[in-house]
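User: I would like to learn how to read the features of this model. Please take them one at a time, with the general idea before the case.

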Amino acid sequence: MSFVFSPPAAASVAIAGHTGRFPVRRIYCVGRNYEEHAKEMGHSGREPPFFFMKPADAVLAADAGQTVDMPYPSLTTNLHHEVELVVAIGLGGSQIKSADAHRHIYGYAVGLDMTRRDLQNEMKKQGRPWCIAKGFDHAAPIGPITPAAEATGVESAPIALQVNAQVRQQGNVAQLIWNIAETIEQLSAAWALQPGDLIFTGTPAGVAAVERGDVLHATVGGLAPLTVRIV
Ligand code: MN
C-alpha cells in the first residue's frame, strides 16, 4: 500500500525507567469526577460518569526530569489547569467488569487536562460540543508513565498542582467519585478500549487560570512528576 503523503508519526509518551515509549491511540477524559470540583463547576451529587475526548496528537509528552514548554493557545484569555491521574491501557477490551479492570492497565502518569475555560463556558451555554475548549493542540501535557507493577498505592495517592511553587490544587485519588476500575467498566461499555488508550480520570478542586511564564508542577504520589512552562 502507498499513501499519498507520509502518515504522521504516532504520538507517544515516555515510560519511567524504560527506553521504549507508549504509543498513544486515543485520549479519553472523565468530567467532574471529584465532588469538590463538581461543586466549584456548579454541580452536586453523584451523576453517571460522562466522557469527552482529546485527539491523540494533543499529547505534549515530557521526558523524565524535563520541563516541557506549552504554547499559550489562541482564542482564549482564560486557560485553566486541571491536574489529573492518567491511566494508560495496555490490554484492550469491551464490557470490562470493574473486578477485571486492573488486568487492562499498563501504567499510570500525571497529566494536565488544559482547558480554554471561557470557550467551554460559552459552549455549555449554547449546548455545543466542548472540542474547541478541550481538544486543542498541546492540550494534554503528560509525564512519563510508571508501569503498574512499579506504581504502588495509586488508588489512594495524594494529587497536587503547584503554579510558581504555590499550591493551587490538592486532593487524593481516593476521592474519585468513579474510581479507576469503575471508570474502565463504564468507558469500555461505550467504546472498545485498545492498547495505547489514555484515560484522564478527572481533577480535584482548585482549577484556575495560568499565564505565559507560569511554571506548573503536577504530582500524583510517587509517579514521575510533570513540569510545564506556559510560553
Ligand atoms: Mn478534566
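**Reading the features**

Analyst: The buried residues of α2 pack against β7 (79-80), β10 and α3 (131-134), where contact means heavy atoms within 4.5 Å. This is a predicted model, in which local features need pLDDT of at least 70 and side-chain atom pairs count only at pLDDT 80 or more, while totals for chains, interfaces and linings use all residues. Residues are numbered from 1 along each chain as its sequence is written, and side-chain values use heavy atoms, with hydrogens and water left out.

User: Which residues of helix α2 are buried?

Analyst: Buried means under 20% relative accessible area, exposed over 50%, and partly exposed in between, with a 1.4 Å probe and protein chains only. Helices (H or I, at least four residues) and strands (E, at least two) are DSSP runs, numbered from the N terminus. In α2 (residues 117-126) the buried residues are R117, L119, Q120 and M123. Because they cover an arc of only 160° around the axis, they sit on the same side of α2; the arc is that of the directions from the helix axis to the C-beta atoms. After α2 comes G127, with a positive phi near 65°.

User: How should I read a strand with two faces?

Analyst: In a regular strand the side chains alternate between the two faces of the sheet. Strand β6 (residues 67-70) has V68 and M70 on its covered face, and T67 and D69 on the uncovered one. Two strands pair if DSSP finds at least two bridges between them. β6 pairs with strand β17 (residues 226-230) in the parallel sense over 4 bridges, and I230 in β17 is the bridge partner of M70.

User: Which residues are the protein donors of the manganese ion?

Analyst: Donors are N, O and S atoms within 2.8 Å of the metal (3.2 Å for Na, K and Ca); water is not among the atoms, so sites may look incomplete. Here the protein donors are E82 (OE), E84 (OE) and D113 (OD), 2.0 to 2.2 Å from the manganese ion. Along the chain their spacing is E-x1-E-x28-D. E84 in strand β8 (residues 83-89) and D113 in the loop between β9 (105-112) and β10 (115-116) are 29 residues apart, a link between distant parts of the chain. E84 is buried at a relative accessible area of 0%, and D113 counts as buried at 0%.

User: How many disulfides does a search of the whole structure find?

Analyst: A disulfide is a pair of cysteine sulfur atoms within 2.5 Å. The search finds 0. The sulfur of C131 is 11 Å from the closest cysteine sulfur, in C29, too far for a bond. C29 is buried, with a relative accessible area of 0%, whereas C131 is exposed at 55%.

User: How many aromatic pairs does the structure hold?

Analyst: Rings of Phe, Tyr and Trp (its six-membered ring) pair if their centres lie within 6.5 Å; planes under 30 degrees apart count as stacked, over 60 as edge-to-face and the rest as tilted. The structure holds 5 aromatic pairs. One of them joins F50 and W130 edge-to-face, at 5.8 Å centre to centre and 85° between the planes. F50 lies in the loop between α1 (35-40) and β4 (51-54) and W130 in the loop between α2 and α3, so the pair ties together parts 80 residues apart in sequence. F50 counts as partly exposed at 22% relative accessibility.
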